[in-house]
Amino acid sequence: MAARITRRSLGTVAGLAALGAAAGTAGAQPDSTSRDRTARDFPEGFLWGTATSSYQIEGAVNEDGRGPSVWDSFSHTPGKIRSNHTGDVANDHYHRFKEDVQLMKALGVRAYRFSIAWPRVFPQGTGAPNPKGLDFYSRLVDELLANGIEPIPTLYHWDLPQALQDRGGWESPDTPRAFADYAGYTAARLSDRVGRFFTLNEMAAFIELGYALGIHAPGLKLPPARVNQARHHAVLAHGLGVQAIRAAARAGTRVGPAENISICVPVIETPEHIRAAELATRETNAGYMTVMMEGLYTNGFLAAAGADAPKFTAEELAIIASPVDFVGVNIYVPTRYVRAIDGPPGFAEVPFSRTHPKMELDWLRVGPEAMYWGPRHLSRIWGAKEIHVTENGCSAADQPAPDGTVYDTDRVMYLRSYLTQLQRATAEGVPVRGYFLWSLMDNFEWAEGYESRFGLHHVDFATQKRTPKLSAAFYREVIARNRVM
Ligand code: PNW
């Protein structure tokens, strides 16, 4: 019998424990008879996971031979990060990873997406490897496997070795090659236990925010031609990385990107607006997903760039479009709503209403249907055969109640509405196979420091105490029952 949850018990920590107990007992049985199946069920074997990244949680920035990254430099530059926070200690995950694996186990996740810090493996970016750095990830992999959780590393989540930045960073044509060498080296040493790798996380974000807007590391505001070249090097790194991993890792190792696509949502779901949304999605991702899937820069992209277009060769385009085993996409927002228009380009943007709901950050506009249209566009526009939602989640103004628990009803509402749309995609046959909730716990939210909280677990950064929020109890139920709850 599931623990009985009363209105009174919900108001206490014991109440949250009771919610957990329900997931651990009767509630843990997925409904299996067809009579019980409803429009809320996910396909059998759906891969439920959670996600984090190295610089956001590890800390231990000077330990075991790790070299500095662009994020160390950036966060130590006064005025770049809210309250001048840094990732020096972060969640101290480097020392507490076993405890954190137990948090995952309690959630019931089947997979964990984490990232490997390049400057731990190659402190100078290239040259001599640092075996102690890779050893940390090897121990993490073992701990996950011992707890029945599949480790799925991302090879680059923005912490570029500072030594490579000093030689031009993503503006340098040598950086994609250096990434491929590091990716091949790392995959070769983990692929006895790791079967899937993601290459780079959100090329669109680290290039636009770091090289054009200057609000992320390395803090540059470059003119368009140089941004376009850096962007080209990022997608080239992805392609070279795919090839290097295939060449170096155990046969059968699977690999794909973890990109943040611009999702254009049809303002009304009529055939003509849907068509417009597809055209708009292809065009607005031209520098990233489109070139990776098609091996070409669209005419629209090249025309808009004009003399600022990146320099590239046909051979590079073929590398960028190296076949992948799956496509990972981070989905937070409907990037834009679009409608059909007569004449080129066939779509027009519909502005957001001033009162369009958003979560705790300005860019976090709520639009659950992005979770349906994102995967569906990948499948319809580019024929993606296996899709993973590599991130989804939100920050909220979490306030621990007097009992210490965070009752993040808004995050639960956000997740429930997005998962409902993801379920819709699976029910219509869109091949979405996995979902990784961002994030396991509150962490260093880049320029927002620790003040913006995305976790299923609240973290008290003074004591490093992790406490499950209401959303953790919610996600545990979703996973246990394999359905939207
Ligand atoms: C992603 N935007 O970043 C990253 O992959 C994570 O490291 C990060 O913590 C998470 O989402 C939450 O922000 C993004 O401005 C940063 O649209 C900015 C945007 C999107 C994603």
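Rings of Phe, Tyr and Trp, the last represented by its six-membered ring, are counted as a pair if their centres lie within 6.5 Å. In the predicted model described here, this rule gives 40 aromatic pairs. One of them is formed by W48 and Y475, whose ring centres are 6.0 Å apart and whose planes meet at 80°, so the pair is classed as edge-to-face; the cut-off for that class is over 60 degrees. W48 belongs to strand β1 (residues 47-51) and Y475 to helix α18 (residues 470-481), so this pair ties together parts that are 427 residues apart in sequence.

The ligand was examined next. The ligand sits in the largest pocket of the model. A shell of 14 residues surrounds the ligand, and the closest of these are Q56, H157, E391, E445 and W446. Sorted by class, the shell is made up of six nonpolar, five polar and three charged residues.

For E445, a polar side-chain atom lies 2.6 Å from an oxygen atom of the ligand. H157, also listed among the closest residues, has a side-chain N or O atom 2.8 Å from a ligand oxygen atom. In the case of N201, the distance between a side-chain N or O atom and an oxygen atom of the ligand is 2.9 Å. On its own the ligand has 450 Å² of accessible area, and the protein covers 88% of this.

Backbone geometry was considered last. Most residues other than glycine have a negative phi, and most peptide bonds are trans.

The peptide bond from A217 to P218 is cis, with omega near 5°. P218 is located in the loop between α10 (203-212) and α11 (224-248). A cis peptide bond also joins W438 to S439, where omega is about 10°. S439 is placed in the loop that runs between β11 (432-438) and β12 (457-460). D92, which is not a glycine, has a positive phi of about 50°. The position of D92 is in the loop between α4 (70-75) and α5 (93-107).

Technical notes:
Residues numbered from 1 in each chain as written. Predicted model: local features only at pLDDT ≥ 70, side-chain atom pairs only at ≥ 80, totals over all residues. Heavy atoms only, no water. Near = heavy atom within 4 Å. Polar contact = N/O pair within 3.5 Å; in protein donor to acceptor, adjacent residues only side chain to side chain. Areas by Shrake-Rupley, 256 points an atom, 1.4 Å probe, with all protein chains shown as cover. 1 Å grid on protein atoms, 1.4 Å probe; cavity = no way out; pocket = protein on both sides within 12 Å on 5 of 7 lines; lining within 4 Å. Sits in = over half its atoms within 2 Å of the grid points. Nonpolar A, V, L, I, M, F, W, Y, C, P; charged D, E, K, R; others polar. Phe/Tyr/Trp six-rings, centres within 6.5 Å; stacked < 30°, edge-to-face > 60°. Helix = DSSP H or I, 4+ residues; strand = E, 2+ residues; numbered from the N terminus.
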